[in-house]
Amino acid sequence: MRLRRPTLGLRWYFEHNDGHLMDKWDHYFDVYERHFGPFRGRKPKMLEIGVSHGGSLQMFRHYLGRGTTIVGIDVHERIVGLAEPGIVPEVGSQSDLDFLADVCRRHGPFDIILDDGSHWYRDQRASLHALWPHLVDGGVYLVEDVHTSYMARYEGGLGRDDTFIGETQRRVDDLHRYWLDDEGVEGEGPNDWTTSMTGIHVYDSIVVFDKGVHSAPVRRMTGRPAFETIYGFPADDMITDDHRAQLAALNTPPARVRRALRDPRAAWQRLAARLRSSE
Ligand SMILES: C[S@@+](CC[C@H](N)C(=O)[O-])C[C@H]1O[C@@H](n2cnc3c(N)ncnc32)[C@H](O)[C@@H]1O
């Protein structure tokens, strides 16, 4: 299929789709654009679980631009006929760990992984755990149709642990493990999820996980104290060496000149206040 101009968005493509059939909930396009947009024109490698007729593979190939490779996984043999430049069908199940390892060995690592496969929790979980190490730092892992976590026919329901939303809650806990007060309790300190995941975004029916180096949070302050105390303690006791260095840098003559040129009105007000206080 000929690629159209890569400047047009996903919704435009969907409305004008003359390629293969695809099946999407309307509100997904904004979420895709938010999380996949940064990869446009950067020749990303994407893995989509659940190919069906292949329309979604073609749409993302168009959207992400020339040089994009999209590997599509599906249990149906018939998808082999959907191969075209930049689109690589692979037949197998998203819960078959040997199959996934082989796909990753041959095509990975990936910048984007999208799970639109069986929508069963056990499969969504198996794929997430198996594929996460094969996502690059800065990559995104998007699982869609997670509303199955609430549907009786998928053994879902409100407040359940054994659903993908339950799984997401555990990943939210992992994201915050640096904050556990007693890291001495075995298994409660930061784990591999904590250190390799920088964010989780939850939408209606979609969860997106951001991959990246997540170090222990560092708290910093900058700027001049406006009052004598900070959170009830003397300001001087609260200012770290780092902060003191930042304040000292503000007072160098070149920094003062730069600040005055950036905002002459504020510089004049500062000078006037200083003159008033010295009267
Ligand atoms: C909702 S459709 C995918 C739709 C497609 N992504 C689109 O947007 O047009 C789900 C697909 O997942 C496939 N599927 C079901 N179970 C699977 C499994 N365990 N592993 C991989 N694919 C599976 C089905 O054969 C079906 O084609």
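Reader: Which residues are the closest to the ligand?
Author: In this predicted model, the ligand is surrounded by 20 residues, and Met22, Gly50, Ser56, Gln94 and Ser118 are the closest. A residue counts as near a molecule if its C-beta atom, placed from the backbone, lies within 6 Å of it.

Reader: Which elements give two or more residues to that shell?
Author: They are helix H3 (55-64) and strand S2 (69-74). Helices (H or I, at least four residues) and strands (E, at least two) are DSSP runs, numbered from the N terminus.

Reader: How are the residues and the model to be read?
Author: Residues are numbered from 1 along each chain as its sequence is written. As the model is predicted, local features need pLDDT of at least 70, side-chain atom pairs count only at pLDDT 80 or more, and totals for chains, interfaces and linings use all residues.

Reader: Now the sheet: what is the order of its strands?
Author: The open sheet has 7 strands in the order S3-S2-S1-S4-S5-S7-S6, with mixed pairing. Two strands pair if DSSP finds at least two bridges between them.

Reader: Which strands are at the edges?
Author: Strand S3 (87-91) and strand S6 (197-203) are the edge strands, each pairing on one side only.

Reader: And S4 with S5, parallel or antiparallel?
Author: Strand S4 (residues 110-115) and strand S5 (residues 135-144) run parallel and are joined by 5 bridges. Leu114 stands opposite Leu142 in S5.

Reader: Into which domains is the protein chain divided?
Author: The chain consists of domain 1 (10-211) and domain 2 (229-278), with bounds from an automatic or database domain assignment. Their C-alpha centres lie 48 Å apart.
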